[in-house]
Amino acid sequence: MRKILVPLALLLASAVPAHAEPWRFSVDGAAGVDAVLEDFTFASGEKLPELTIRYITLGTPQHDAKGNVTNAVMILHGTGGTGKQFFQPQFADELFGPGQPLDTAKYYIILPDNIGHGGSSKPSDGLRMKFPHYDYDDMVAAQYRLLTEKLGVKSLKLILGTSMGCMHAFVWGETHPGFAERLAPFACQPVEIAGENRMWRALSIDAIKADPLWKDGNYTDPPLSGLRTAASLSMIAGANPYALQAQYPTRAAAEKYKDEAFARIFGRNDANDTIYQLDSSRNYNPWPNLEKIGVPVLWINSADDFINPPGYSYPQDGVKRMPRAKYILIPASAETKGHSTHTWAKFWKDDLAKLMAE
């Protein structure tokens with residue numbers, strides 16, 4: 001889960017500071033645009049007559065002689081996030097400006113809120129635990145329909161995905177080979193969510209469901225005890241132990257920071273939404289079909305990532321099965337950001353620029 005450090009309303013205010021980055025002026029819609037996908041059928045067989053996907057765009061679409069959009073890029077957020085998270089300066093100010101890897105004067109950038117997140121359709125809209133039990137395949141299917149039916153996009157220059165979005169990029173590479181000319185999956189593994197990764201997600205879900213206030217999802221007061229446990233697990237899973245030890249080397253400092261960080265994330269998400277978000281990875285597993293991914297792939301993890309620790313052999317084995325894949329492991333340091341290194345572009349923007357030049 002990612003905190004939005006720069007409110008979108010500030011980016012669009014009429015009195016923009018003189019030092020504001022030029023990309024900020026091209027945001028399409030202060031609150032995003034809603035695309036309604038009619039008669040959406042989920043992999044489970046459940047259906048919604050209307051599924052809303054909220055999205056924001058940056059830049060201007062360019063077209064070829066046949067009217068096809070030729071400069072589209074899609075960026076996909078992580079679990080609990082939204083498309084707006086990519087307006088954080090450590091991401092946007094490194095990538096979207098003039099001459100930068102995803103210059104908005106050159107690219108048409110699409111930032112969707114995925115199913116169950118942000119302004120898109122989700123359990124807390126009213127259906128609660130009767131909302132269709134979506135998975136990653138459903139989320140990619142909704143992204144595909146958004147692009148092809150609502151935005152007229154039949155190909156992408158790039159899919160860049162962080163965390164959950166990283167996993168979506170691998171799904172895209174297999175289910176729609178070649179639709180995206182390049183893939184940049186950051187902070188994930190292309191294997192089934194199992195072991196410790198599944199355990200911390202399941203423990204969070206179990207904690208919410210065990211809270212007496214949850215009432216099978218029909219709560220009137222938020223199940224705060226369960227949400228507290230889920231938030232605590234998320235803090236630990238996303239942390240960089242090297243940086244925390246360096247920055248908070250005493251018990252008092254560590255506990256003070258813990259209280260401040262917890263206050264920033266606790267209570268931001270609805271309990272049912274959180275359950276669905278964490279469980280949507282339950283049947284993700286692109287590993288058997290990696291050979292279908294023939295486009296250039298820039299796959300980056302960080303060595304301080306609790307969720308995707310560096311000791312696995314999956315990257316070394318996986319890149320051998322994708323003919324144009326490159327894997328980079330960012331070394332752990334007091335400067336890296338744990339799982340969130342994926343959103344700090346300074347660590348990988350040069351590699352992204354090389355990918356875009358292919």
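Here is a short walk through this predicted model, from its sheet to the helices around it. Residues are numbered from 1 along each chain as its sequence is written, and side-chain values use heavy atoms, with hydrogens and water left out. Because the model is predicted, local features need pLDDT of at least 70 and side-chain atom pairs count only at pLDDT 80 or more, while totals for chains, interfaces and linings use all residues.

Eight strands form an open sheet with mixed pairing, in the order 1-2-4-3-5-6-7-8. Its edges are strand 1 (33-41) and strand 8 (325-330), each of which pairs on one side only. On average, neighbouring strands here are turned by 20° against each other, direction ignored. Strands (E, at least two residues) and helices (H or I, at least four) are DSSP runs numbered from the N terminus, and two strands pair if DSSP finds at least two bridges between them.

Now step to strand 2 (residues 47-58), where you will find Y55. Y55 is buried, with a relative accessible area of 9%; buried means under 20%, exposed over 50% and partly exposed in between, with a 1.4 Å probe and protein chains only. Leaving aside neighbours within four places in sequence, Y55 is in contact with G32, V33, A35, L111, P112, L146 and L151, where contact means heavy atoms within 4.5 Å.

From Y55 to F186 is 131 residues in sequence and 21 Å in space, C-alpha to C-alpha. F186 stands opposite I300 in strand 7. Two bridges join strand 6 (residues 183-186) to strand 7 (residues 297-302), and these strands run parallel.

Two helices lie across these strands. Helix 3 (residues 136-150) lies across strand 1, strand 2, strand 3 (72-76) and strand 4 (108-112), at about 120° to strand 1. Helix 4 (residues 164-175) lies across strand 3, strand 5 (158-162), strand 6 and strand 7, at about 140° to strand 5. Axes are lines fitted to C-alpha atoms, for helices over the stretch in contact, and angles run from 0 to 180 degrees between N-to-C directions.

Finally, look at a helix pair. Helix 5 (residues 195-210) and helix 9 (residues 271-279) pack at about 155°, with their axes 10 Å apart. That angle makes helix 5 roughly antiparallel to helix 9, a term for angles over 145 degrees. Residues R198, W200, R201, S204, I205, I208 and K209 in helix 5 meet A271, T274, I275, L278 and D279 in helix 9.

How values were computed:
Parallel < 35°, antiparallel > 145°, perpendicular 65-115°, else oblique.
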